[in-house]
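Dear colleague,

I am passing on a structure that I would like you to look over.

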Amino acid sequence: MTDLTRKTADELARSLASKEVSSVEVTQALVDRIGAVDGQIHAFLHVDAEGALATAADVDARRANGEQLSYLAGVPIAVKDVLATKGLPTTCGSKMLDGWIPPYDATVTAKIKAAGLPILGKTNMDEFAMGSSTEHSAYGPTHNPWDTTRIPGGSGGGSAAAVAAFEAPLAIGTDTGGSIRQPGALTGTVGVKPTYGGVSRYGLVAMASSLDQAGPVTRTVLDAALLHELIAGHDPMDSTSIPDAVPAVVAAARRADVKGLRIGIVKELGGEGFQPGVEARFNEAVELLTSAGAEVVEVSIPSLKYALGAYYLVMPSEASSNLAKFDAMRYGVRVPPAGVDDPSAEQVMASSRDAGFGDEVKRRIILGTYALSSGYYDAYYGSAQKVRTVLSRDFTAAFAGVDLLVSPTSPTTAYPLGDKLDDPLAMYLGDVATIPANLIGIPGLSLPVGLADEDDLPVGLQFLAPQKADDRLYNAAAALERLLEDKWGGTLLSRAPELEVAR
Amino acid sequence: MSEPVTGISRDDVVHLAGLARIDLSDAELDHLATELPAILEHVASVQEAAGDDVPAMSHPVPVDNVFREDVVRPSLAPEDALAAAPASDQQRFLVPKILGES
């Protein structure tokens, strides 16, 4: 019998539609897989086998009745723990929300439920999505399925690892500075950050409201497109949701043709600080695109040197403001100060926030509070906002000459757990290639393009497109995916070491 | 480039922690007081990136204020809204005293 956990979402959707398999069988296989391997991976903070199987049984019954179902109905999915799920715990990887069960669904969650995808559980993440390694989760790190002594990337390391370890064919991630794309690169999976406003943020617990965006985490480009189409679209509950029609991402992924496309290599995203094995795989992938008929040129975006600085001002500023809502009054933990008789609300708030937040969250709140304070606002937050304008102009100029831009997704492959935990600046520097897309709202996709020679770990290539041209990412990435898999004679993940199966 | 507006001292961190309502321990304050200057030094380069003529961008996609129709629609029931409250009483959030004096 074929291993259902290895199937892509598209394959599963077709097998379900033709009634070759039932959703209960698929869901049970994945629940069993989670039980067998998640002890080593820790991709999940909460597994809802019962709820997932109930949804699966319901979808199977509706299909048997001849009901018209969504294409992905019955295909199980994992959801990052930063999206509100009614009736399921939502902790954001923080002690602050330990045990919180939201009374409502995020719009993304509601769309998944309406389409009949069984929700396997909630995936691990850096606390409130702050981090690039998933080591800042209050519930312990996620391990990279390629080498369990290494990070899976972050903040969405749980979603990426779940998909890479065949614990789920689909997952939802969120990307504020690379939290979908960088874990994708480090785990050999596909991750897409849609255009800002393309997917509703309603019910996504905000870190930086002008940067956050939810998107698909999958093993193939087509699966990502199918999930993108399902979760995207205008939402009146999100004032920043764009009213335009969702780009035809599925059609683009099926087209997969780069002939005549103009593709720009971003000069500033390479060289110093980029691991040789990352650059080698990136360059080979670009050659493949050229051989398939794309016209590749080098493009310079000088203002990129300010992007990291702007990001690490805008993000903590917005985060410090967003996280002010955790005041221990209406939800979240309340920890009264020790040794204070009849403490005031303010004292309870301060001691609760000390007890509920971890180091990285505190660091960013303090940094953001500083950047927003009177006297420093113009120099820091104000200057950072101007950098966004300059960066946006530079990218617009670049896109006048090319259809897509490419770069390595991450300067390095997955590093050992603990390596950068005590050096926040070193960890921040790893986000250099992914943050520009968030600052200016453009879509980006990371595709696995091979293993680095020095460590046999996955390397990702990032495609960037203009705002609202998400379909271009899928077309080019699907073409490159096909070229690479023809060359390899299979998927990259088929080369990942087998995980030990617990019984 | 212009000098970064200023360094950041341990006293500054104490003040910021108060503004942010986080009761940081002495060890945390010491740690942040050594970490933040390095981070700020790195990000301070944004001050040289753009002149006064460059407008600030708050959102990557232009945002207009949005009003919805003023119509009644389902909302959370009081028991759902209060379900996660640390303390509640008579359909209200129960909070500690809000004034410092006892």
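What follows is a description of the salt bridges, the pocket, the backbone and the surface, in that order.

This is a predicted model, in which local features need pLDDT of at least 70 and side-chain atom pairs count only at pLDDT 80 or more, while totals for chains, interfaces and linings use all residues. Residues are numbered from 1 along each chain as its sequence is written, chains are lettered from A and ligands numbered from 1 in the order in which they are written, and side-chain values use heavy atoms, with hydrogens and water left out.

**Salt bridges**

Side chains of opposite charge can pair when their charged atoms come close.

Helices (H or I, at least four residues) and strands (E, at least two) are DSSP runs, numbered from the N terminus.

Lys97(B) itself is partly exposed, with a relative accessibility of 22%. Through shared partners, salt bridges also join Arg281(A), Glu284(A), Asp453(A) and Lys487(A) into one network.

Within chain A, Glu67(A) and Arg62(A) meet in a salt bridge at 3.2 Å, N to O; Glu67(A) is partly exposed at 41%, and Arg62(A) is partly exposed at 23%.

**The largest pocket**

How much space lies in the largest pocket? The volume is about 790 Å³, counted as the space filled by probe spheres set on grid points that are joined across faces, edges and corners. A pocket here is an open set of points on a 1 Å grid over the protein atoms alone, where a 1.4 Å probe fits, with protein on both sides within 12 Å along at least five of seven lines, and lining residues have an atom within 4 Å of a point. The lining consists of 29 residues, and those nearest the centre are Trp100(A), Tyr104(A), Tyr202(A), Gly203(A) and Tyr331(A). By class, the lining has 19 nonpolar, three polar and seven charged residues, where Ala, Val, Leu, Ile, Met, Phe, Trp, Tyr, Cys and Pro count as nonpolar, Asp, Glu, Lys and Arg as charged, and the others, Gly among them, as polar.

**Backbone of chain A**

The loop between strand S3 (119–123) and helix H5 (157–164) of chain A contains Ser155(A), which is joined to Gly154(A) by a cis peptide bond with omega of about 10°. Phe128(A) also lies in the loop between S3 and H5, and has a positive phi of about 50° although it is not a glycine; Phe128(A) is buried, at 1% relative accessibility. Thr134(A), again in the loop between S3 and H5, has a positive phi of about 65° without being a glycine, and is buried at 0%.

Helix H5 itself holds Ala164(A), which is buried at 3%. The C-alpha atoms of Ala164(A) and Ala496(A) are separated by 8.7 Å, although the two residues are 332 residues apart along the chain.

**Surface of chain B**

Ser75(B), in the loop between helix H2 (26–43) and helix H3 (78–82) of chain B, is exposed at 65%.

With best regards

How values were computed. A salt bridge is a side-chain nitrogen of Lys or Arg within 4 Å of a carboxyl oxygen of Asp or Glu. Buried means under 20% relative accessible area, exposed over 50%, partly exposed in between (1.4 Å probe, protein chains only).
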